[in-house]
Amino acid sequence: MTASSSPAKSSRARSRHARLLAAQKAKPPRCKAEPGVFKPIVDPLRCEGKGDCAVACRFGVFEIGRMPGEQFAAMPLLVKFKLWAHGRKTAFTFNAHACRACGSCVSACPEHAIKLARSVKPQ
Ligand code: SF4
């Protein structure tokens, strides 16, 4: 259930993802932290499941999936409508422990829905 496997991906999303992949190949990753020090936080009120984060992340942190019913039910009405229009797609970070804090997902997200947060305290 990744962004790249979505059959309904629009041509705009495909060209955006192709540009992201080309930029990735042209520029080596600038990892700023060891895995597990930072993690991406996805704002469910902003995320539209466009999958740019999943394409931009070299470490497989993101998966695009359908928002569970109980989480969807707790959303404000306007957000529910937006989610419904996008098939309730949203980004999940099941693999957040692999994050290296490069920031690629933050700059790739067209909805500005991702920020990085420290997940462990510095020693
Ligand atoms: S900051 Fe980099 S490593 Fe971390 S989730 Fe975003 S793209 Fe992946």
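Cys53 is in contact with Phe62, Ala91, Cys105, Ala108, Cys109 and Ile114, once its neighbours within four places in sequence are left aside. In this predicted model, Cys53 is also among the residues with the most contacts inside the largest nonpolar core, together with Ala56, Cys57, Phe62 and Cys105.

**The nonpolar core**
- The largest nonpolar core has 19 residues, and β1 (38-42), α2 (52-56) and α5 (104-108) each supply at least two residues of this core.
- Helix α2 gives the most to the core, with four residues.

**The overall fold**
- The protein has five helices and four strands, and when these are read along the sequence they follow the pattern α-β-α-β-α-α-β-α-β.
- Of the 123 residues of the protein, 25% count as buried.

**The surroundings of the ligand**
- The ligand is surrounded by 13 residues, and the closest of them are Cys57, Val61, Cys99, Cys102 and Cys105.
- By type, the shell around the ligand divides into 10 nonpolar residues, two polar ones and one charged one.
- Cys57 and Cys105, which are listed among the closest residues to the ligand, are also listed among the residues with the most contacts inside the largest nonpolar core.

**Strand β1 and its partner**
- Strand β1 has a covered face, made up of Phe38, Pro40 and Val42, and an uncovered face, made up of Lys39 and Ile41.
- This arrangement can be read beside a general rule, which is that in a regular strand the side chains alternate between the two faces of the sheet.
- Five bridges join β1 to strand β4 (residues 114-118), and the two strands run antiparallel.
- Within this pairing, Pro40 stands opposite Leu116 in β4.

**Two residues with a positive phi**
- Most residues other than glycine have a negative phi, and the two residues described next depart from that pattern.
- Ala101 has a phi near 60°, a positive value in a residue other than glycine, and its place is in the loop between β3 (89-92) and α5.
- His112 counts as exposed, because it has 10 C-beta neighbours inside 10 Å.

**Leu78 in helix α4**
- Leu78 has its place in helix α4 (residues 77-85), and with 9 C-beta neighbours inside 10 Å it counts as exposed.
- Leu78 and Leu45 are 33 residues apart along the chain, and their C-alpha atoms are separated by 9.4 Å.

**Confidence in the model**
- The protein averages a pLDDT of 88, and 89% of the residues score at least 70.
- Over residues 1-6, however, the pLDDT is below 50, and this stretch has 11 contacts in the model beyond near neighbours in sequence.
- Where pLDDT is low, the predicted coordinates should not be read in detail.

Key. Residues numbered from 1 in each chain as written. Predicted model: local features only at pLDDT ≥ 70, side-chain atom pairs only at ≥ 80, totals over all residues. pLDDT = per-residue confidence, 0-100. Contact = placed C-beta atoms within 7 Å. Near = placed C-beta within 6 Å. Nonpolar A, V, L, I, M, F, W, Y, C, P; charged D, E, K, R; others polar. Buried ≥ 20, exposed ≤ 12 C-beta atoms within 10 Å, placed from the backbone. Core = buried A, V, L, I, M, F, W, Y, C linked by C-beta atoms within 7 Å. Pairing = 2+ DSSP bridges.
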